[in-house]
Amino acid sequence: MVREANVKQATAEKQLKEAQGKIDVLQAEVAALKTLVLSSSPTSPTQEPLPGGKAPFKKGHTRNKSTSSAMTGSHQDLNVVQPFVKDCKEADLSLYNEFRSWKDEPTTDRTCPFLDKIYQEDIFPCLTFSKSELASAVLEAVENNTLSIEPVGLQPIRFVKASAVECGGPKKCALTGQSKSCKHRIKLGDSSNYYYISPFCRYRITSVCNFFTYIRYIQQGLVKQQDVDHMFWEVMQLRKEMSLAKLGYFKEEL
């Protein structure tokens, strides 16, 4: 009787160890699936199937089909969760140092390192149009703060010095020469001429005007509530708007 009891006890202990081993294997598989789900993304490459539709041979424990199916369904549900994305920014030290040097002695002289780079990378490309002579006049007026933009009125416009072709019209942009619906017109300095411009050209001009307006405010000491870092990022935002405008992105008033 004692011997029979010992045999039963040994058998029970063996079965318990086997059950615990299976539980450990399943727990490890669940942890591995969780890690796979968290690290996966929609752009992650998938494993190519083997020729003939055969699954690759893997050493180790094989999951029960019902357990595997349940886990696969859970994996598919979790995989649709998209990762969180946030906007980040980091100052370029070269640009930042050039801005700080300019901020100590602000000037509108285009030859200073800070403005020269912006002219080459943003302002010139933004104000380059097929009608180059008029484009140069527009840049000069923007620099001198003598350019005005106004909506096209209902009254006819009198052209004193320029012909109708040079000034464009409600259906033709004076800067590009293209047939476009022109809802605004510009006036340069003391000239009595008005030039019709398309919404695209208007946005390019206003993005440059906004930049010059802000640096004039800094030069005149009107920006007092902002520290140097805030001013720098405001300048970068204005440069970003010029960059988008020169690439063809613009906002139109409806």
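The protein chain exposes about 18100 Å², of which carbon and sulfur atoms supply 54%; accessible areas come from the Shrake-Rupley method with a 1.4 Å probe, and for residues only the protein chains shown count as cover. The model is predicted: local features need pLDDT of at least 70, side-chain atom pairs count only at pLDDT 80 or more, and totals for chains, interfaces and linings use all residues. Residues are numbered from 1 along each chain as its sequence is written, and side-chain values use heavy atoms, with hydrogens and water left out.

Of the 254 residues in the protein chain, 28% count as buried. Buried means under 20% relative accessible area, exposed means over 50%, and partly exposed lies in between (1.4 Å probe, protein chains only). The protein chain has 8 helices and 3 strands, in the order α-α-α-α-α-β-α-β-β-α-α from the N terminus. Helices (H or I, at least four residues) and strands (E, at least two) are DSSP runs, numbered from the N terminus. Among contacts with a separation of 6 or more, 69% join residues 24 or more positions apart, contact meaning heavy atoms within 4.5 Å.

| Residue | Relative accessibility | Class |
|---|---|---|
| Ser198 | 5% | buried |
| Gln237 | 35% | partly exposed |
| Leu244 | 37% | partly exposed |

Ser198 sits in the loop between β3 (194-197) and α7 (199-219). Apart from neighbours within four places in sequence, Ser198 touches Cys173, Lys180, Ser181 and Cys182.

Helix α8 (residues 228-246) contains Leu244, and Gln237 is also found in helix α8. The C-alpha atom of Gln237 is 9.3 Å from that of Phe211, 26 residues away along the chain.

Two packed helices are described by the angle between their axes and the distance between the axes. The axes of α3 (residues 93-104) and α4 (residues 113-126) come within 8 Å and cross at roughly 125 degrees. Axes are lines fitted to C-alpha atoms, for helices over the stretch in contact, and angles run from 0 to 180 degrees between N-to-C directions. α3 and α4 are therefore oblique to each other; angles under 35 degrees count as roughly parallel, over 145 as roughly antiparallel, 65 to 115 as roughly perpendicular and the rest as oblique. In this pair, Ser94, Leu95, Glu98, Phe99 and Trp102 of α3 meet Pro113, Phe114, Leu115 and Lys117 of α4.
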